[in-house]
Amino acid sequence: MLKIEKMHKTFGKGTINEKVAIDNIDFNLRPGDFVTIIGSNGAGKSTLLNCISGVFPIDKGKIILDGKNITRQPEFKRSKFIGRVFQDPLKGTAFDMTIEENLSIAYNKNSFRGLQSGINRKQKEVFREKLALLGMGLEDRMKQKAKLLSGGQRQALTLFMAVISKPKLLLLDEHTAALDPGAAKKVLELTNRFSKEPGLSTMMITHNMKDALQYGNRTILMKEGKIVMDISGDERADMTVEKLIEQFEIDNDRMLL
Amino acid sequence: MLLTFAAFMGSLEQGMIYAILALGVFLSFRTLNLPDLTVDGSIVTGAAASAVICSIGGNPLLGLLLAFICGLLAGTVTALLNTKLKIQPLLAGILVMFGLYSINLRIMGSRPNIPLTRSDTLYKWAENSLHIEYPKLIMGVVILAIIIILFFFFLKTRIGFALRATGDNEDMVRAYAINSDGMKVLGLALSNGFVALAGGMLAQYQSFADVTMGTGMVVIGLASVILGEAIFGTKSLLRRLIAVSLGAVVYRLIIAQAFKLGLPTSDLKLVSAAIITIALAVGAFGGNFSLNSLFAKKEAK
């Protein structure tokens, strides 16, 4: 599915601020995998996702998605196969456009964008039907602008937009960190549901170790640009938050929350 | 002392042309969220192209088409400077505007102005061939209406959605497989295309093109956008487009009235700057802008 070979990324090369963000990582994602990623601040989690999605070009290595080498592809081209949700709820939608207009942009991700009408009646019905599944009443607010939504509603909408065009890979960068606990739970449950779409693999960064072990089928821990733990199956089922802290000397208070 | 009827009509006729300029500025300033200073240059490019065609006896409509194409090119250059060479948008616009001065002179055959008093123009055609009252104004209204409708439908297409979203949130559009750089090129090209079209029409309306006529046009465009939105509202896309157009008309009327009341021509720029500042302030404070709210804030301190 996704194959990363010897990926390396250094920021500020040759300056006093030089920092190795990704240190020769090899990583293999199987179809249908739902990987949770943990690690303290600056471990390279977000950089890993940003390198995969093409926000940053990588210094060395290869990124292969579904048998296709995408290492040199610009960000917007990779987006055809990759859905993304950012930490900041403001980043995921066009705030001055309506909910249905935002959905149309997401829905037409893989079709030609020309002078066709932005949304037609048939699409509106599809959107309404699917939005109802979110259980947030958004289906009755399709003509409202995205800026009127709460953080939780916006993140739910963004998540929905990220999967509506059936990507192969879903990248979630702490997408519940800015939400209140109730909204975070709701968005996580939606994430769990969407991740079961056939043919979709998911990578989710979280600061909540309990969530990291509870959701998905595989967990990796990053430290100083390396993957220092990669567990799945029985090993993961036996893992607890306490054991994680003990084994990997995690001293980040925020991760305990 | 109010405007005479003739002066009032003149302001309305010009307003229809400046409304096209305002719509062009709207496309870059509001839709793409990029304040573009190319306008001061590209409007002259449009005027020059249109005047040259008219002065050699060409079809005035061909002149306008050529003006539009010249504007497209000018906007494309600004956008490429911004997206490919990573020059800040304001600076990219200034550079192109600066360089266009020489190009405009070349188009005009190294003359600082081209008179069209003896040439056919669209407005002379309207006066002679349209057997209606106020032919110049009616023609201006019709052209403006067509352009507003084009804008409305374009901004409602898939590619229009992509353009609007690029101005709202660049990170988001790239995540949805939209080439944000390409959208900026498209937006700035179209924006300057319409600005140049307005320049072409202006040259035919006033029967001359002058290489210095562009000075301050970007400010007039911005003033029209801001004034129109503050007065007529932004509720829906169509209303917003009409508001921006009416803003240009209102601006022309204010300026004409100010001159009538004895404003020295040399003070025009200061007055324009003041109008924009007031309109921006009204926009920022929304409907709650009143003297009371100002005093209330002072007391609270």
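Me: Which helices do the buried residues of helix 3 of chain A pack against?

Reply: This is a predicted model: local features need pLDDT of at least 70, side-chain atom pairs count only at pLDDT 80 or more, and totals for chains, interfaces and linings use all residues. Residues are numbered from 1 along each chain as its sequence is written, while chains are lettered from A and ligands numbered from 1 in the order written. A residue is buried if 20 or more other C-beta atoms lie within 10 Å of its own, exposed if 12 or fewer, and partly exposed in between, with C-beta atoms placed from the backbone. The packing partners are helix 4 (121-132) and helix 5 (151-164) of chain A together with helix 7 (158-168) of chain B.

Me: How many of the 9 residues of helix 3 of chain A are buried?

Reply: Helices (H or I, at least four residues) and strands (E, at least two) are DSSP runs, numbered from the N terminus. Among the buried residues of this helix are I99(A), L103(A) and I105(A). Helix 3 of chain A is largely enclosed by the rest of the structure, because its buried residues number 8.

Me: Which helix of chain A gives the most to the side that touches chain B?

Reply: The contact (C-beta atoms, placed from the backbone, within 7 Å) takes 24 residues from chain A and 20 residues from chain B. Helix 2 (75-78) and helix 3 (99-107) of chain A each supply at least two residues of that side of chain A. With 4 residues, the top contributor is helix 3.

Me: How many charged residues does the side of chain A that touches chain B have?

Reply: Asp, Glu, Lys and Arg count as charged; Ala, Val, Leu, Ile, Met, Phe, Trp, Tyr, Cys and Pro as nonpolar; the others, Gly among them, as polar. This side has 7 nonpolar and 9 polar residues. Its charged residues number 8.

Me: What is the radius of gyration of chain A?

Reply: The radius is taken over C-alpha atoms; the globule rule is 2.2 Å times the number of residues to the power 0.38. With 257 residues, a compact globule would come near 18 Å. The value for chain A agrees: 19 Å.

Me: Which helix gives the most to the side of domain 1 of chain B that touches domain 2 of chain B?

Reply: The C-alpha centres of the two domains lie 21 Å apart. Their contact takes 17 residues from domain 1 and 16 residues from domain 2. Helix 1 (5-31), helix 2 (39-55) and helix 6 (135-155) of chain B give two or more residues to the domain 1 side. The most, 8 residues, come from helix 1.

How values were computed:
Two residues are in contact if their C-beta atoms, placed from the backbone, lie within 7 Å. Domain bounds come from an automatic or database domain assignment.
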